[in-house]
Amino acid sequence: MPKTADFLAHLNPSQRRAVEHYCGPLLVVAGAGSGKTRALTYRIANLVLTHRVDPENILAVTFTNKAAREMKERIEKLFAEREAQSKHGKPLEALPEHEQTRLKSFVYKTITKDLWIGTFHALCSRILRFDIEKFRHPGGYSWNRNFSIFDESDAQALVKDIVINQLNLDDKKFDPRSVRYAISNAKNQGWSPADLEREQPNFRGRTIANVYAEYQKALAANNALDFDDLILIPVQLFRQNEQVLAYWHKRFRHILVDEYQDTNRTQYDLIRLLVTNGEETENFKDWEYRSVFVVGDADQSIYSFRAADFRILLEFQDDFGDGLPDDDTRTMVKLEENYRSTANILEAANELIENNTERIDKVLRATRGAGESIFLFRAEDETDEARFVIDQIRQLEQNNPELHWGSFAILYRTNAQSRAFEEFLGRYGIPYNIVGGLRFYDRKEIKDVLGYLRAIANPQDTVSLKRVINTPRRGIGKTTIDRLESAARDLDRTLWEVLTDETLVSTLAGRSAKAVSGFTNTIQTWQAKLEDTPPAEIVQGVLEDSGYVADLKAQGTNEADDRLQNVQELYNAVLQFEEENEGATLLMFLANASLASDLDNTKEDQRQVSLMTLHSSKGLEFPVVFLVGVEQGLFPNFRSMEDPASLEEERRLCYVGITRAKERLFISYARERRLYGTREPAAPSLFLAELPKELLLTSAVGALPKKLATPIREVKAKRAQESLLNTHADDWKVGDRVVHKAYGAGQVTHIFGAGNKICLAIKFPGQGQKIIDPKITTLQRV
Ligand code: ATP
Ligand code: MG
């Protein structure tokens, strides 16, 4: 056996440099599909294998739970492969099944079990399970380790309650959703209510800060955290408690972050604290056995609406790299070869992104052949578009043995666009999966069962208690609950304390009193068994004792049957969780369920067509990609069209979409579209004009028969004959004066692009700067 890890052979020299990097900071910047994630994964294996790093000392941050799972599997496989070679001199696949299983389980026990790989949220929730009791909130609140994690709908319900019932605000002016968004944004910036007020010193800012303060108080009263707290609280805890920080700093000697361009300030603070133990970096010299390794691509930064900031990536070398010049190659590796896409697809992506002004030029070379042209389809409307896409999928699947349903992805800008595709997929019985649709864990019956489990684990969680106290109906009406709640408020006790106070309960009407003690008995029975009962047993017991399953069975409707099936599915999920995690507890399962993000597939089935928003597609790849609804106002989204920075973010999103494709890319737009109820004429996106025409095969309506799409090869469509793309552009100059139908008189301040691909930035006095495509919007010159 050679001493170097055998898997290094699957890497190019730059990747190899990244993978073999041992201590100190290292930034890997590279375009899409250049093997950043692969390098990160292999580096973890290499740290353990070559540098004998204890897996416990490694922390790797991924963008989704699914990516984390895949990374763990990948690493497990690398090690199992190595074991197979050294023990049997054969590849893993050549071994009998039981030996494969044995090796994998050996690798799990000795290596992967101790690796912390996950999303920021998942990793932080693990840290908090250890240390949250040491946290002192500035408001004087505290939490215990059984805390609940409130999802977005729980959080919003809480905000709504505060806005309407507690502070009696006008919910038209203070729409709970936008208030919740403002609070979340503040937390992502690391702001307290007081900071928020300082940032926004007006009535609105003050009021929202007020809601924020009340909201935090309510969370604490429920012994609950929201998603943003999961990251913000560790940061605050690390800042206030040196010992806690020192412990985790000492433990995580090697920190790796994927998709670093989409980290926000709080996440950055967390990484920085862990790496430097809170010291200034200028003084920080402790790189002998420690590293921070981040990979990213500023051109794929698409989460600024969640406070992500790609400057964090650009500043990495300054931040961690002892003040050397930014382009110092000691702390940076560039990957310049793309392994994912055909050359045509890659060239289209590269040309598109060059239209962005806020970017650092980089090289991304194709390693693959030209491949097929990109197919541009103009549909009549969304139905026609869906019909085209599904016909293509059926044809391609039938004619190409290497393609299966899982090879196809349909990517759109907004979730609402999925409906038309679902209809056609359903009509032909093609299995599909909507990534980021309603999460399994968001279904009513699942939330009910989780509500029981949360109430057992964390009886302070009043939101969960109230959810299940009368589900199924057991005669505890709204008046009773209101009375109990107001008693709790008056006595400054939690609802649970009131419910379990016999004297208080005995003041209720006999029937209600009996129902309340029946309910609390069930919860208490399982509370007593919490520590030493496997979670699946608790779930089963609670489902029976609470009467939840019996009630669904008694209903006997189709809907109730569906719900029953989902409850069964949840039980299976708990069993599977037990199998995969030795010593699993109910708390661990609950954390896992709350953090199952809407970007994770609940079903792992690869044999389904994937439908998802462009945002959800980050990091993924598919042999065949359909980029649909590429129209002005939809993509780019209408809100972004008035703001150059947002327009650039939309373009990055388009770059992400195009670069998901390995073999084939189809782009479509419709001439009119019904979206959110109204039918409107649509115009092709300005991004289409930015793609190199010679790579596009276009079809006007009529060039393709409507019923059955012709296989691409046979399409006799002329290249780049789109009337739009050839529209003659006037000669615009900076300084030209124009009149716009809606905005009035304005002046051209900037011209993007050249020839007939131009877009104008026009300043309209009093209305700011708008980006306008003169081919689409009529402008009168003056
Ligand atoms: P993204 O920016 O989209 O996240 P990425 O830079 O993380 O992309 P990966 O997903 O790691 O890229 O790799 C893209 C594809 O190229 C994967 O299928 C990967 O297996 C393959 N790949 C990466 N490096 C190599 C290599 N050296 N040789 C062959 N294939 C490679
Ligand atoms: Mg990646």
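**Figure 1. Overview of the protein chain.** Of the 782 residues of the protein chain, 45% count as buried, a residue being buried if 20 or more other C-beta atoms, placed from the backbone, lie within 10 Å of its own. This is a predicted model, in which local features need pLDDT of at least 70 and side-chain atom pairs count only at pLDDT 80 or more, while totals for chains, interfaces and linings use all residues. Residues are numbered from 1 along each chain as its sequence is written, and chains are lettered from A and ligands numbered from 1 in the order in which they are written. The protein chain holds 29 helices and 24 strands; these are DSSP runs numbered from the N terminus, helices being H or I of at least four residues and strands E of at least two. Of the contacts with a separation of 6 or more, 74% join residues 24 or more positions apart, two residues being in contact if their C-beta atoms, placed from the backbone, lie within 7 Å.

**Figure 2. The nonpolar cores.** A nonpolar core is a set of buried Ala, Val, Leu, Ile, Met, Phe, Trp, Tyr and Cys residues joined through C-beta atoms within 7 Å. The largest one has 136 residues, and Val28, Ile44, Val211, Leu225, Ile255 and Leu453 have the most contacts inside it. Apart from it lies another core, of 67 residues, which includes Phe375, Ala386, Val624 and Val625.

**Figure 3. Packing of helix 7 and helix 9.** Helix 7 (residues 176-188) packs against helix 9 (residues 203-221) at an angle of about 75°, and their axes are 10 Å apart. Axes are lines fitted to C-alpha atoms over the stretch in contact, and angles run from 0 to 180 degrees between N-to-C directions. Helix 7 is therefore roughly perpendicular to helix 9, a term for angles of 65 to 115 degrees. Val179, Ala182, Ile183 and Ala186 of helix 7 meet Ile208, Val211, Tyr212 and Tyr215 of helix 9 in this contact.

**Figure 4. Surroundings of Ile434.** Ile434 belongs to strand 13 (residues 432-434). Ile434 counts as buried because 20 C-beta neighbours lie inside 10 Å. When residues up to four places away in sequence are not counted, Ile434 touches Ser418 and Leu611. Between Ile434 and Asp114 there are 320 residues of separation in sequence and 32 Å in space, C-alpha to C-alpha.

Conventions: A residue is buried if 20 or more other C-beta atoms lie within 10 Å of its own, exposed if 12 or fewer, and partly exposed in between; C-beta atoms are placed from the backbone. Angles under 35 degrees count as roughly parallel, over 145 as roughly antiparallel, 65 to 115 as roughly perpendicular and the rest as oblique.
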